[in-house]
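Here is a briefing on one protein chain, for a reader who works with coordinates.

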Amino acid sequence: MEEQASSSGASSSSSQPQPQLQPSLDDCLKLLRGERDEQRLAGLLLVTKFCNKDDHTAIRKVYDAVGPQFLHRLLRTGMGKGTDAGGDNSDAYLQLSITVLAAFCRVPQIAASEDMVNKIPLIVETMSREVGSPIIEECYEYLFLVSMANEEGVKTLYKSGGLNVLASQMTILPDGSHMIELSMKLVQIIVIKLPSENVYHEHSTDLSMVVAAVAKQFAVLQNALKFEALHLLSAILSNRYSAPVYDALRLMENVVWSTNMRIGVVAILQNRVAPSHKLQALVLAESVVSIVGEGWLIGEMNLTGSQDSLPADRCILLVLESSRVEIAVLLNDLAYLKYEASKASSNRENILVKQRNLGVAFSLVEKIIKLISSFGGEESTVNAVISESTLTKIISGLNETIGVVLDYLRDAKEHGQMKGNDLLAAVRVIGNYLAEAPDACKDKVTELLGYMLLIEGEDELRPFYSICFLLPMLCQATLKTGGCKILASSGAFREVVGCLIALIDQKNYTSEDNGSIFLACDTILNLLLKREQIKFPSDDPSFIRLLVALSHWAEDMDDASIIMMASSICALILDLTSEEALLNHPDFISGNIGSLTKLIGRSFAMCGQDFISDDAKAEIDLFQIITSAYSSWADRFPRIKQAVESSGPLRFRHVS
């Protein structure tokens, strides 16, 4: 029985198939060290089938066994280059080489090697030729791993035209795929690690294509990759050298990218995410508004093919509310760091970061103010999409925020702070809002007006920009006697006069400066016209300096509006004094009387000879001011009167 059993067992054992032996790592290494290419190819094929891609020790042994030269030849053969062209097997060789190279680069030391960096141009070329091929994903992995391991890899990728290839392919990659994630990371590495002035100047169009492609991911994705898209977009668009990218985006015929941006920003702001993500969303919103205009804050909110949609005003409400929260928090933090915290060196950097973030929130509030100011116009797009209740909500929010900003300035005043870019930015946003709502926060504004006009930016030697920011508000406020009284009693008018003199003393002023000049002129004109109704220091020396500056400024001008404005202000100032007092004033020399005489004479000549068009009512109104003032002081200025009237009889234009 035992023999039978034994015999039967032996027979049964011999009839069963013998288990196949799996190749070991040592077997693969022997093949890889073989003298013939066929052996090495066989070894590589075996490695790809059983070697764990996360086993760095094994991968290192395989790499050392096969050697970089064979890998280089295999890649070139797969690409059809050189004497070893692969013929019908080229595709197989190419796929094998890319797969193996990507696997090797999982070991950081291999990825950082010069051999791997030197292959980047070939990989980039392969990507440009094999669009849609299964090997593209492994090409992305290779480029990412090498670029992360060695900074020379980033430089080589850039020099090889990698950014152009990435930009051209991002639009066709599947949404949310591993490839789109790797391509985004590669662009971010290029933007962060390479000199921005070169990247943005040389590849502005490519970067605009990246922005458009990533904006889609930012809109459609609802996973962690959405935040990667947010980081990349804000990094590209908030760079100091991004102006060429802005220009390229403006030239795009398809503006879907901006709609996608709005959808993505709203998704971030209306959900519970980290404060840092909300801040980046505001940074992104500020950049997009700078590119396409304030109208972007209002618009459609539905993805293509989606049944869900949001109200058109959702974006502006979320941006305003988030900006208001940031402003309140940042101002509170800045006040603590500047006035209560220890004077540690780390505070300085912390303050600068918070000031930059504050600037973004302020800018968005200013853009909302500009957009809302168009409400009510005949062609305003705001009218069609913002209800009265929404507008009321926006204005209420703006009022509260302006009050918070004024409180911050009051705190700075109490601590004797007169200089700082944060203070200057605060004045700017206040000035923009009060230009549209001059009666807002009236008590606080009255209390702080004189202080605000004395605030200087970090690089200023004297107050200038703060005055320019407040000029629109001052011009509006001085239309009423109450506003003139505030300006006169506080002495703030001297700052306006000084600002105007500084503006017209510039030889080459911009169109923006020109606007500030006329705002300052209108403000001073309003003040002088109400001189009898307010307590006005008629002997203030600042007006004598302005008299001289305006007469010289207009000498070489042919613009009727400039001549008439300068002449009207000078005529009103002359009514405050006499020729004898003027000639004895330390800020006035006898030669200046000739410039004044010439200016007044030119204004009479212009109106008398019909140089001003009939529809130029502003200049005619100014001429009436000149003639009325002249009638009042002519006898006190015999030299001016004689010179003006000797040129011919005065012909005062009749205005009905």
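The model discussed here is predicted. Its secondary structure comes to 35 helices and zero strands.

**Whole chain**

- The protein chain has 656 residues, and buried residues make up 50% of them.
- Take the contacts between residues at least 6 apart in sequence: 74% of these join residues at least 24 apart.

**H10 against H11**

- The axes of H10 and H11 cross at roughly 130°. They come within 5 Å.
- From H10, the contact uses Leu-143, Val-146, Ser-147 and Ala-149. From H11, Glu-151, Gly-153, Val-154 and Leu-157 take part.
- By class, the residues of this contact are five nonpolar, two polar and one charged.

**H18 against H20**

- Helix H18 covers residues 256-269, and helix H20 covers residues 314-339.
- The two pack at an angle of about 50°, with their axes 10 Å apart.
- That angle makes H18 oblique to H20.
- The crossing of H18 and H20 is left-handed.
- On the H18 side, Arg-262, Val-266 and Leu-269 make the contact. They meet Arg-314, Cys-315, Leu-318, Val-319 and Ser-322 of H20.
- The contact of H18 with H20 divides into five nonpolar residues, one polar and two charged.

**Ser-323 in H20**

- Ser-323 also belongs to helix H20.
- Is Ser-323 buried or exposed? Ser-323 counts as buried, because its relative accessibility is 0%.
- Neighbours within four places in sequence aside, Ser-323 is in contact with Leu-282, Ala-361, Leu-364 and Val-365.
- Val-360 lies 37 residues from Ser-323 in sequence. Their C-alpha atoms are 8.4 Å apart.

**H9 and its cover**

- Helix H9 runs over residues 120-129. Ile-120, Leu-122, Ile-123, Val-124, Thr-126 and Met-127 are buried there.
- Val-124, one of the buried residues of H9, has its C-alpha 7.5 Å from that of Gly-161. The two are 37 residues apart along the chain.
- Gly-161 sits in the loop between H11 and H12. At a relative accessible area of 22%, Gly-161 is partly exposed.
- Arg-73 is partly exposed, at a relative accessible area of 31%.
- Between Arg-73 and Ser-97 the C-alpha separation is 9.3 Å, and they are 24 residues apart along the chain.

**Cysteines**

- How many disulfides are there? The count comes to zero disulfides, with a cut-off of 2.5 Å between cysteine sulfur atoms.
- Cys-105 is buried, at a relative accessible area of 2%.
- Cys-139 is buried as well, at 0%.
- Cys-441 is partly exposed, at 24% relative accessibility.
- Where is Cys-441 found? Cys-441 is in the loop between helix H24 (421-436) and helix H25 (442-452).
- Most residues other than glycine have a negative phi. Cys-441 has a positive phi of about 50°, although it is not a glycine.

**Lys-61 in H4**

- Lys-61 has its place in helix H4, residues 56-66.
- Lys-61 is partly exposed, because its relative accessible area of 45% falls between the 20% and 50% cut-offs.
- Lys-61 and Leu-29 are 32 residues apart in sequence, and their C-alpha atoms are 7.8 Å apart in space.

Notes
Residues are numbered from 1 along each chain as its sequence is written. This is a predicted model: local features need pLDDT of at least 70, side-chain atom pairs count only at pLDDT 80 or more; totals for chains, interfaces and linings use all residues. Side-chain values use heavy atoms; hydrogens and water are left out. Buried means under 20% relative accessible area, exposed over 50%, partly exposed in between (1.4 Å probe, protein chains only). Helices (H or I, at least four residues) and strands (E, at least two) are DSSP runs, numbered from the N terminus. Axes are lines fitted to C-alpha atoms, for helices over the stretch in contact, and angles run from 0 to 180 degrees between N-to-C directions. Angles under 35 degrees count as roughly parallel, over 145 as roughly antiparallel, 65 to 115 as roughly perpendicular and the rest as oblique. A crossing is left-handed if the near helix is turned anticlockwise from the far one by less than a right angle, and right-handed if clockwise. Contact means heavy atoms within 4.5 Å. Ala, Val, Leu, Ile, Met, Phe, Trp, Tyr, Cys and Pro count as nonpolar, Asp, Glu, Lys and Arg as charged, and the others, Gly among them, as polar.
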